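Subject: Structure for you to look at

Hello,

Here is the structure I promised to pass on. Please open it alongside this message; my notes follow below.

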Amino acid sequence: MFLTKEEEKMLSGEYGEAVALAMKVIVKVGESLGAEKLVKVRHVHVSGVSYSNIGDPGLSFIEKLLRYRVKASVYTTSNPTCIDLSGSTRLFNKTLVSGQLRINRVLEAMNVKPFYTCIPYLLRKPGFGEHLAWGESNAVVIANSIYGARTNREGGPLTLFAALTGRTSYSGLHVYENRVAQVLVEYKGSGKLDDYWGSLLGLFIGDMVEEIPLVKGVDTSDFSVLKEFLAATAASGSHGLVVLDKITPPKSYDTDIEDKLVVNTSDLRKYLYETASDFDENRSILVYVGCPHLSLTELAKLSTLVSRYRRLKKNIRFLITIPYAYRKLVDEYALVLRSRGVDVAYGTCPIVSKLDEKPDLVVTNSGKALFYLKKLHRLNVSLMSLDNIVKKVFT
Amino acid sequence: MKEFKIKVIVEGTCKGKPVVIDKRISFFGEVDPRKGAVCIEGKEVSIKDKPLVIRGTRGSTVGSYIIYSLKEYGVAPSCIITGYVEPILIIGCIIANIPLFVVEKYRDFVHYIGRQEKFIEVRLDKEVVVVYE
């Protein structure tokens, strides 16, 4: 593999042991993927930072870095963790706090920005053609598909190494020639494409299509719908790029269609029946909204929607999750929501954390949350649009 | 006996009766790092100390740490043979030091192993995986 003089120096240990190790691993990954060189990245987003998910093995792996006193060499942000640093919700398990704070200490000592969110694209918008090294599958698919930026689904530890070196391998979706849609997916669903249908369609495509899809019929301008749709494709599938007709920037991809799939409303209904639980008002319910984290716009919209009601119904809890970076910006919205009984959690989410009490049923508008809460936390999950959720659970 | 061409990603020994999971799995969410088991569709399959054959990976980028955890908890597969690789799987196997191979003709390979428990062995010198009758 071709390395620049600077990269050679990193590899040979001139910048210290940790950078040399990081470089060695990045080169190794690059060689496995057939990369001919490395590429400089402008923004690293570190995933795999939740103590609840990575446990003591992950913690000890990350703490090893602290010993080397290394710093991120590029702009670096971090995924949510398993605790709410603002302390404003009581829904999450408290036993994880000390382990998580040890991980945060390492990240912050490395100069990783403590935004603790899975929507880094809304805190620093990726540029067209910009190379990134992002973990967090929803962020990756959105960076590639909406902004025309270039990143692979980098594994958690690799993002740390990319932060130290400012490099990743020039492979996969970094290379234009690999950004080729091969399956045409035509969505012919009846009715308006909202967060509910977007989530379902995303899960369906993630599950059914392995190659890069070119999706027609998802030409909505509603970012919230696109976000739920793309996040779901990356949860049930391994999509890093989903080309969206009329949305994905031209010249950020190519097409070579070999296969075609038509998706109708009935396909999605059948898929839902196999995937989700029914809504049942008589069970103890946790409503969860904010997977991926809510944007400022979504938060404002939700707070307006909820302000029309008095309170949550009995036996229902309502959790929303937002970036820790928003904690000083959203007091007004948070006040309105809390006054109606909604829990607002910063910098975390129930997927990367553990709930103190298991509800009988989770109701969410997120296909990604459905996928992981079911698989990872063995919860019954029901899918519904945000508008319908609000109508059903407040009085 | 039949040989299948492989690409070596992480070197090491790989032999035994494999566990074949002919699916793309998300190590995060579909693998229990303490039990060393793949949990899909309500079934739990132990992968501890056995060669693991998968079609590929999907899902969260946290998967790399789950692979590392399997090793730390002493319940990792002895090696992994896959149809294709993503960075998530590569990096997980590198830091956990789990031998990792991509088999070129994945379909044929899995088909040949079939339902019977055949013995497999990776030959690094020839870059092949041998399936014994």
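Start with two helices of chain B. Helix α2 (residues 63–72) of chain B packs against helix α3 (residues 87–96) of chain B, at an angle of about 30 degrees and with the axes 8 Å apart. The two count as roughly parallel, because angles under 35 degrees fall in that class. Their crossing is right-handed. From α2(B), the residues in contact are G63(B), S64(B), I67(B), Y68(B) and K71(B). They meet I88(B), L89(B), I91(B), G92(B), C93(B), I95(B) and A96(B) in α3(B).

Before going on: this is a predicted model. Please read everything here with that in mind.

Now follow α3(B) across to chain A. Helix α6 (residues 156–165) of chain A packs on α3(B) too, at an angle of about 85 degrees, with 8 Å between the axes. Angles from 65 to 115 degrees count as roughly perpendicular, so that is the class for α6(A) and α3(B). P157(A), L158(A) and F161(A) make the contact from α6(A). On α3(B), the partners are P87(B), I91(B) and I95(B). I91(B) and I95(B) are also among the α3(B) residues that meet α2(B).

F161(A) turns up again among the aromatics. F61(A), F161(A), Y65(B) and Y68(B) form one aromatic cluster. Y68(B) is also one of the α2(B) residues that meet α3(B).

Over all chains, the structure holds 14 aromatic pairs. One of them is Y116(A) with Y324(A), a tilted pair with 6.1 Å centre to centre and 50 degrees between the planes. This pair links distant parts of the chain, 208 residues apart. Y116(A) is in the loop between α4 (97–109) and β4 (132–134) of chain A. Y324(A) is in the loop between β11 (316–322) and α11 (331–339) of chain A. Are these two tyrosines, Y116(A) and Y324(A), buried or exposed? Buried means under 20% relative accessible area, so Y116(A) qualifies at 2%. Y324(A) counts as buried as well, at 14%.

Two charges sit over rings. In chain A, the charged end of R124(A) is over the ring of Y75(A), 5.8 Å from the ring centre. In chain B, K118(B) has its charged end over the ring of Y112(B), 4.7 Å from the centre.

Next, look at helix α5 (residues 137–145) of chain A. How many of its nine residues are buried? Nine of the nine are, so the helix is mostly covered. They are S137(A), N138(A), A139(A), V140(A), V141(A), I142(A), A143(A), N144(A) and S145(A). The cover includes β4, α8 (223–236) and α12 (367–375) of chain A.

K368(A) is in that helix α12 of chain A. With 8% relative accessibility, K368(A) counts as buried. Among the residues that K368(A) touches are S137(A) and N138(A), both of which are buried residues of α5(A). Its contacts also include E136(A), A231(A), A232(A), A235(A), C291(A) and I351(A).

N53(A) lies in helix α3 (residues 51–67) of chain A. At 11% relative accessibility, N53(A) is another buried residue.

Best wishes

Conventions
Residues numbered from 1 in each chain as written. Chains lettered and ligands numbered in written order. Predicted model: local features only at pLDDT ≥ 70, side-chain atom pairs only at ≥ 80, totals over all residues. Heavy atoms only, no water. Phe/Tyr/Trp six-rings, centres within 6.5 Å; stacked < 30°, edge-to-face > 60°. Helix = DSSP H or I, 4+ residues; strand = E, 2+ residues; numbered from the N terminus. Buried < 20%, exposed > 50% of the residue type's maximum accessible area, 1.4 Å probe, protein only. Lys NZ or Arg CZ within 6 Å of the ring centre and 35° of its normal. Axes fitted to C-alpha atoms, helices over the stretch in contact; angles between N-to-C directions. Parallel < 35°, antiparallel > 145°, perpendicular 65-115°, else oblique. Left-handed = near helix turned anticlockwise from the far one by under 90°. Contact = heavy atoms within 4.5 Å. Lists of a residue's contacts leave out its neighbours within four places in sequence.
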